[in-house]
Amino acid sequence: MKSKSNVRTVSRKTMYKALWPRGRKTLDIVPLARRLDTLEGKTICELWDGLFRGDEIFLMLEELISEQYSGVTFVRWTQLPRDGDHGFPDWKAHPNLLTEKGCDCVIVATGA
Amino acid sequence: MRASVQAEKSGIPSASLISEGFISQGNLTAGGLWTPSLPLAMIPGHPDLHDRSELLRAVKEVTFNQVIKALTLQPEETKTDVQSEPKDKDIIFEGTFEEVNKFFYENKWQEGIPIVPPTMQKVEEFLKYTDRSLDEVIGVLLPDNREATIWNVAVNGVMAGCRPEYMPVLIALVEVMADPQYGLEHSANTPGAEELITINGPIIKDLDFNYSQGALRVGFQANTSVGRFWRLYLRNVAGFLPHETDKATYGNTWRVVLAENEDELAKIGWEPMSVDQGFKEGDNVLTVARYTSGSVIVSVYGSTAEQVLPYLEDSIVRHIGWELFFTTGSLGMPGAACTQRPHLILSPCIAEVIARSGYSKKDLKLHLYEHARVPAWKIEQIGRWSNLFPFILCELVEAGVAPRQFCESTDPNRLVPVVCSPDDFLITVSGDPNRNNAYVFVHNGKFGYTTSKKIELPADWKQMLKEDSEK
């Protein structure tokens with residue numbers, strides 16, 4: 001197409017070979033821990049980020065779990081350090097915390 | 001969920017409590033943390049909006065059973081198919097400009113406005129402006145756990161409409177993203193805060209960043225396209241997508257880059273903000289922080305610092321609300337304390353008024369600290385209203401969370417600062433030199449912490465700029 005102006009006209013048929021804009025996904029799947037057969041007699045640890053009424057929800061769950069399972073011990077979030085990101089323990093400073101506390105399982109709150 | 005992953009890695013099963021609106025984000029985040037099958041236990045609705053009986057019913061009827069299931073029933077491990085993804089340098093699509101954009105939009109690689117098709121030729125033009133290897137991995141970005149490389153910085157720089165010579169700035173931006181101090185993983189949180197990039201150094205003039213009238217407005221290629229690059233890169237490499245991993249209630253759009261007026265600073269004898277951040281004057285530096293909101297302070301009146309400062313200080317106090325959480329912290333999140341860093345932008349003429357009253361920047365920060373104050377009861381009220389930090393301030397001080405100055409007495413009317421230290425204030429000078437407006441940005445604290453990086457230039461920077469400008 002001829003044009004008297006200085007505007008350069010790009011052909012409608014100009015084709016572009018576009019590159020992928022993302023990055024390689026690094027994936028090293030962490031296998032999930034073996035689940036428990038029962039909560040009876042187990043120690044349940046609580047981890048809380050300080051938000052969205054996790055403290056109240058934990059108390060409710062403690063009561064409901066204790067009604068259904070006997071001999072359960074709770075290690076409350078107040079008994080664990082909160083020196084890490086989001087109010088959780090600093091895992092670099094306490095790498096074996098959950099084992100040392102005797103946690104058979106953990107409940108983590110609260111995503112919202 | 002990172003805490004849940006830590007437990008799983010230790011061989012301890014976990015149940016992650018997630019409110020209903022976050023289930024899909026929770027699943028996607030679990031995938032990014034290498035545990036795609038991580039079991040979640042839902043709390044119906046939003047906990048903060050239930051009365052006690054509603055919350056109890058939600059927990060009894062739904063959450064409790066899902067917790068038991070999460071802890072006692074082995075989930076089926078999800079298989080992921082990373083091998084089928086394209087690789088760097090793969091041509092992903094060939095078509096016209098419109099066809100490329102349609103394809104990219106359908107794949108969520110552009111945000112709804114056209115991108116510049118990233119072709120090999122265009123990317124190679126960007127790569128000329130760095131001495132670093134194109135395969136260098138700058139970091140691995142959450143939530144998708146993808147590699148940020150020099151290569152894909154160039155690809156997204158092309159797409160954002162940047163010029164090749166912006167490449168050193170773009171690399172420095174991604175270095176911020178990869179710095180754990182910044183907290184990139186919080187870029188999709190509910191408040192929907194957005195970053196502001198501030199730039200200092202001779203590169204402002206090298207690349208023609210606007211630093212005068214309309215300093216925060218689109219219209220200047222450097223400011224606008226570099227700002228766009230940030231969000232595009234968060235989308236394509238970090239993996240933040242609305243309705244998926246991005247849970248902003250509303251969100252903001254990306255901000256144009258703020259360039260400081262260093263001519264004015266030299267005139268009044270103030271240092272650039274980059275020097276406050278620990279760099280040498282004359283270094284090319286960018287500083288990034290996430291801000292929940294920002295607002296103009298209009299019609300600042302007075303011919304002395306004593307006349308203009310009360311209005312500025314009152315404006316700072318009025319704009320910081322729940323964000324005081326990042327000043328005081330809470331018992332549940334003590335690490336949030338003392339991470340609030342509000343950013344005050346002064347137009348040159350206002351900065352001059354303050355400077356000619358004998359104030360250095362340090363003096364100004366001290367004045368702001370001593371006078372931008374709020375009654376203690378107000379902070380406690382906001383804490384209760386939001387349920388983010390429902391504590392008495394003195395309890396936080398006693399617990400070692402908030403510093404001592406927040407409990408110098410128990411008088412609820414005592415005035416307390418909005419930051420922990422005068423140096424927590426960021427001050428920059430920019431905008432129309434002859435308009436008496438200022439601007440305040442309120443900070444998202446540790447969830448987008450103020451982080452600065454030096455911009456590294458290629459060895460023959462000046463020569464390359466000269467040659468390219470003559471083309």
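The domain assignment of chain B gives domain 1 (2-72), domain 2 (91-169) and domain 3 (193-216 + 255-454), the bounds being taken from an automatic or database domain assignment. The C-alpha centres of domain 2 of chain B and domain 3 of chain B are 34 Å apart. The model is predicted, and local features need pLDDT of at least 70, side-chain atom pairs count only at pLDDT 80 or more, and totals for chains, interfaces and linings use all residues. Residues are numbered from 1 along each chain as its sequence is written, while chains are lettered from A and ligands numbered from 1 in the order in which they are written.

In total, 59 residues of chain A are in contact with 79 residues of chain B, where contact requires C-beta atoms, placed from the backbone, to lie within 7 Å. On the side of chain A that touches chain B, at least two residues each are supplied by strand E1 (16-19), strand E2 (43-48), helix H1 (54-68), helix H2 (97-100) and strand E4 (105-111) of chain A. Helices (H or I, at least four residues) and strands (E, at least two) are DSSP runs, numbered from the N terminus. The most is given by E4(A), with 7 residues. By class, this side of chain A has 32 nonpolar, 12 polar and 15 charged residues. In this scheme Ala, Val, Leu, Ile, Met, Phe, Trp, Tyr, Cys and Pro count as nonpolar, Asp, Glu, Lys and Arg as charged, and the others, Gly among them, as polar.

Axes are lines fitted to C-alpha atoms, for helices over the stretch in contact, and angles run from 0 to 180 degrees between N-to-C directions.

The axes of helix H5 (residues 120-127) and helix H6 of chain B come within 9 Å and cross at roughly 115°. H5(B) is therefore roughly perpendicular to H6(B). Angles under 35 degrees count as roughly parallel, over 145 as roughly antiparallel, 65 to 115 as roughly perpendicular and the rest as oblique. The contact involves B:Lys122, B:Val123, B:Phe126 and B:Leu127 of H5(B) and B:Ala154, B:Val155, B:Gly157 and B:Val158 of H6(B). Its residues comprise 6 nonpolar, 1 polar and 1 charged. The axes of H6(B) (residues 150-159) and helix H7 (residues 167-178) of chain B come within 10 Å and cross at roughly 120°; these two helices are therefore oblique to each other. Here B:Ile150, B:Val153, B:Ala154 and B:Gly157 in H6(B) meet B:Met167, B:Leu170, B:Ile171 and B:Val174 in H7(B). This contact has 7 nonpolar, 1 polar and no charged residues.

Strand E4 (residues 137-141) and strand E5 (residues 146-149) of chain B pair in the antiparallel sense over 4 bridges, with B:Leu141 opposite B:Arg146. These strands form a hairpin with 4 residues between them, and B:Asn145 in the turn has a positive phi of about 55°. Most residues other than glycine have a negative phi, and most peptide bonds are trans. A cis peptide bond joins B:Leu142 and B:Pro143, with omega about 10°, and B:Pro143 is found in the loop between E4 and E5 of chain B. In chain A, the peptide bond from A:Ala109 to A:Thr110 is cis, with omega near 0°; A:Thr110 lies in strand E4 of chain A.

Terms used. Two residues are in contact if their C-beta atoms, placed from the backbone, lie within 7 Å. Two strands pair if DSSP finds at least two bridges between them.
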